[in-house]
Amino acid sequence: MESIVSKFVLKGRISQISPLGDGFINDTYIVKTEGSGQNYILQRKNSNVFPDVPAMMDNIVAVTDHIKKKVADPERETLTVVPTVDGKYYYKDETGSYWTVCTYITDSVTYDVAESLEMVRQAGMGIGRFQSLLSDFDKPLHEVIKGFHNIRWRFTQWDESLAKDAAGRKSGLMDEIYFIESRREEMLDFWKLVENGTIPTRVTHNDTKLSNILFDVNSGGVLCAIDLDTVMSSTSLNDVGDAIRSYANATVEDDPDYSRVYIRLDRFEAYMDGYLSERKDSLTDSEKEWLAFAPLYITYEQVLRFLMDYIDGDKYYKIKYPEHNLVRTRSQIALLRSMEDNYSRMQEIVLELLAR
């Protein structure tokens, strides 16, 4: 590990390298140093998920450089990517694995579950500000994961997975498969609005779960969005939907007790209040119209992706036990059902906030 870290331009002497967090995709470590006051985050990128890491790093550097020019404290209000000694933003080791480094932002913390309504509201403001800071970004971005939130592409993958039944699990999943199929047309109808330009395409984070938002330890406010691997061009609604899926769930996304899974409308309102405080004046009428539907769309997509990975034999997401992806699937189904039951009220809340 020290040999890998030595390929990057770091300040100070390396004193410790240890695992950090529990991410689904990448392997993450904290690198502590002596003599510089600066620590670092080292990641081994999952090349099965991200087949073009150099393109991904091009996106991240372009976006963070743009943000740095517009904020008061660029070292804390966005990520700082550390180059290698030969000027690249990644290192490819002898096994073909890609490694990247960014600075560790001191006095910061992440959360897996929202601890207060104010935290949810702050997170909404943070995502709204992230999008606003990039509203005038005019460089093309690489599509680092094909069709990431494109439900038409996901259905192509889904149909192939069902046909292959690689792990021989399909026969025991008829209820879950029916749940997905019964909503296919509704989700495609929504996505057509993105395809035909009714809902505009913008620079988006595309993975706005709560643990990808960095908070200031002292003030409790949002510092910045992290884990920018999936920054691409898409609809702003995807960021809203994934945030609500994460923040407004009454429990964690893989809770095996499905009776504990439901959408908390107070958190939905708190997030929307924070988000719209930053974005209300810059959203189009079509974006405002479909804000309340965004969480249903993204939660549905996550149901499909978790179940598809289970059918495929758990090739994409890291799992802690053999049924983990199935538990994730069923937990997200419970969340989507709760959203569907409360959809009318979610629409009313959005309209009330827009009228303020």
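Buried here means under 20% relative accessible area, exposed over 50%, and partly exposed in between, all with a 1.4 Å probe on protein chains only.

Some ground rules before going on. This is a predicted model, so local features need pLDDT of at least 70 and side-chain atom pairs count only at pLDDT 80 or more, while totals for chains, interfaces and linings use all residues. Residues are numbered from 1 along each chain as its sequence is written, and side-chain values use heavy atoms, with hydrogens and water left out.

**A buried loop residue and a strand residue**

Back to Val144, which sits in the loop between α3 (117-133) and α4 (151-164). Helices (H or I, at least four residues) and strands (E, at least two) are DSSP runs, numbered from the N terminus. What does Val144 touch, leaving aside neighbours within four places in sequence? With contact meaning heavy atoms within 4.5 Å, the list is Pro51, Ala55, Met56, Asn59, Asp229, Thr230 and Met232. There's also a C-alpha separation of 6.4 Å between Val144 and Asp52, although they are 92 residues apart along the chain.

Ser18 belongs to strand β1 (residues 13-19). Ser18 counts as buried too, at 18% relative accessibility. Not counting residues up to four places away in sequence, Ser18 touches Thr28, Tyr29 and Ile30.

Two strands pair if DSSP finds at least two bridges between them. On that basis there's an open sheet of 3 strands, ordered β7-β9-β10, with antiparallel pairing. The edges are β7 (108-109) and β10 (222-225); each has a single partner strand, so one side of each is left without a neighbour in the sheet. Strands of a sheet pair through backbone hydrogen bonds, either parallel or antiparallel.

Between β7 and β9 (residues 213-216) there are 2 bridges, and Val109 has Phe215 as its bridge partner in β9. On the other flank, 3 bridges join β9 to β10, with Phe215 partnered by Val222 in β10. β9 and β10 make a hairpin with 5 residues between them, and Gly220 in that turn has a positive phi of about 80 degrees.

**Aromatic pairs**

Rings of Phe, Tyr and Trp (its six-membered ring) pair if their centres lie within 6.5 Å; planes under 30 degrees apart are stacked, over 60 edge-to-face, and the rest tilted. The count comes to 14 aromatic pairs. Here are two of them:

| Pair | Centre distance | Plane angle | Class |
|---|---|---|---|
| Tyr111 and Phe215 | 5.4 Å | 75 degrees | edge-to-face |
| Tyr271 and Tyr275 | 5.9 Å | 15 degrees | stacked |

Tyr111 lies in the loop between β7 and α3 and Phe215 in strand β9, so their pair ties together parts that are 104 residues apart in sequence. Phe215 is buried, at 1% relative accessible area. Tyr271 and Tyr275, by contrast, both lie in helix α8 (residues 265-279), 4 residues apart, or about one turn of the helix. Both Tyr271 and Tyr275 are buried. Elsewhere, ring pairs link Phe190, Trp191, Trp290, Phe293, Tyr297 and Tyr343 into a cluster.

**Charges over rings**

A charge sits over a ring if NZ of Lys or CZ of Arg is within 6 Å of the ring centre and within 35 degrees of the ring normal. Arg183 lies over the face of Phe179, at 3.8 Å from the ring centre, and Arg184 lies over Phe155 at 4.4 Å.

Phe179 is in helix α5 (residues 174-181). Is Phe179 buried or exposed? It counts as buried, at 3% relative accessibility. Beyond four places in sequence, Phe179 is in contact with Tyr300, Val303, Ile333, Leu336 and Arg337. Lys192 is 13 residues from Phe179 in sequence and 21 Å away in space, C-alpha to C-alpha.

**Nonpolar cores**

A nonpolar core is a set of buried Ala, Val, Leu, Ile, Met, Phe, Trp, Tyr and Cys residues joined through side-chain atoms within 4.5 Å. The largest has 101 residues, of which Trp158, Tyr247, Tyr271, Leu291 and Leu307 touch the most other members. Helix α10 (residues 294-312) supplies the largest share of this core, 12 residues. Apart from it lies another core, of 10 residues, among them Ile4, Tyr29, Val31 and Trp99.

As for Tyr247, its contacts beyond four places in sequence include Ala114, Val120, Ile127, Leu210, Arg267 and Tyr271.
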